[in-house]
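Subject: Structure handover

Hi,

Here is the structure for you to look over. My notes come after it.

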Amino acid sequence: MTRAFAVAQAVKLSLILGVTTGSCLLGSNFKVYAESGTATYRQPQITNLKLAQNSSAISRFQTFAEADELYQKGQLQAAENLYRKVKPEFAASDRRRTAIYEVEQLPGDGQVYWRNANEGLQQNLDSKIFLPLQLLLSNYPEFIKGHLLLAEACQNKPDACKNSAKDGQPKNALEVLERAVELYPDEPELLKAKIKALEKEKKILRSFHCSQTICHNLC
């Protein structure tokens with residue numbers, strides 16, 4: 001395998017995985033070659049480190065591809081188990097990352113979760129709606145459209161929303177938006193959606209109260 005081919009493969013893999021920083025797959029390797037004339041003693045250490053990172057990235061991609069294949073076959077539990085294996089680890093200080101709205105800003109796996117959820121909405125398949133959205137927001141809570149779509153799905157399918165929620169996950173639209181606003185209190189789209197959800201909740205409670213009053217008077 002020529003070096004040019006290997007670099008091309010690494011670039012392709014980095015794009016699939018959503019790796020945008022040169023330090024992950026390519027940058028340090030180029031630096032090693034550029035500095036080989038003045039710092040040759042560093043090359044074996046840095047090269048070994050890069051090989052380890054490349055191997056880890058390839059392994060993660062293969063696991064993700066296998067999980068996606070299982071998901072498409074309808075083996076949801078097996079797919080979820082693999083998806084969770086490749087969930088990125090974030091430091092506590094990195095929990096509140098900059099909010100994003102564009103799907104293209106998501107890494108490759110995040111885009112797959114989003115696509116699967118929208119396919120589930122078109123096909124009216126609850127399992128294909130809620131699981132991908134929960135995984136998407138668990139991995140990439142900064143994706144604001146994910147919160148909005150999950151809240152909308154919970155409004156339209158309250159029972160499915162509640163049944164699909166696991167420990168600690170929101171069980172209705174209002175809980176989805178309250179969690180999102182807690183993470184990103186300055187995002188106007190989330191605030192507007194939460195206000196609408198609160199208004200709807202008040203109308204439902206008011207309607208229920210009126211029904212109870214009428215029933216009491218009739219009795």
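Predicted model: local features only at pLDDT ≥ 70, side-chain atom pairs only at ≥ 80, totals over all residues.

**Helix pair α7 and α8**

Two packed helices are described by the angle between their axes and the distance between the axes. Helix α7 covers residues 126-139, and helix α8 covers residues 144-156. Their axes come within 10 Å and cross at roughly 150°. Angles over 145 degrees count as roughly antiparallel, so that is how α7 and α8 run relative to each other. The crossing of α7 past α8 is left-handed.

Which residues make the contact? From α7 they are Ile 129, Phe 130, Leu 133, Leu 136 and Leu 137. From α8 they are Gly 146, His 147, Leu 149, Leu 150, Ala 153 and Cys 154. By class, nine residues of this contact are nonpolar and two are polar. None is charged.

**Cores**

The largest nonpolar core has 35 residues. Trp 114, Phe 130, Leu 133, Leu 136, Phe 143, Leu 150 and Cys 154 touch the most other members. Several helices each supply at least two residues: α4 (43-72), α5 (76-85), α6 (108-123), α7, α8, α9 (158-164), α10 (173-183) and α11 (188-218). Which helix gives the most? It is α7, with seven residues.

Take Leu 150 as one of the core residues. Leaving aside neighbours within four places in sequence, Leu 150 is in contact with Phe 130, Leu 133, Leu 137, Val 176 and Arg 179.

There is also a second, separate core of five residues. Among them are Ile 144, Ala 180, Val 181 and Leu 190.

**Two loop residues**

Ile 100 sits in the loop between α5 and α6. Is Ile 100 buried or exposed? Its relative accessibility is 13%. Buried means under 20%, so Ile 100 counts as buried. Again leaving aside neighbours within four places in sequence, Ile 100 is in contact with Gln 105, Leu 106, Glu 142, Phe 143 and Ile 144. Ile 100 and Ile 144 are 44 residues apart in sequence. In space they are 6.2 Å apart, C-alpha to C-alpha. Ile 144 is the residue listed above in the second core.

Asn 124 lies in the loop between α6 and α7. Most residues other than glycine have a negative phi. Phi of Asn 124 is near 60°, a positive value in a residue other than glycine.

Best wishes

Notes:
Residues numbered from 1 in each chain as written. Heavy atoms only, no water. Axes fitted to C-alpha atoms, helices over the stretch in contact; angles between N-to-C directions. Helix = DSSP H or I, 4+ residues; strand = E, 2+ residues; numbered from the N terminus. Parallel < 35°, antiparallel > 145°, perpendicular 65-115°, else oblique. Left-handed = near helix turned anticlockwise from the far one by under 90°. Contact = heavy atoms within 4.5 Å. Nonpolar A, V, L, I, M, F, W, Y, C, P; charged D, E, K, R; others polar. Core = buried A, V, L, I, M, F, W, Y, C linked by side-chain atoms within 4.5 Å. Buried < 20%, exposed > 50% of the residue type's maximum accessible area, 1.4 Å probe, protein only.
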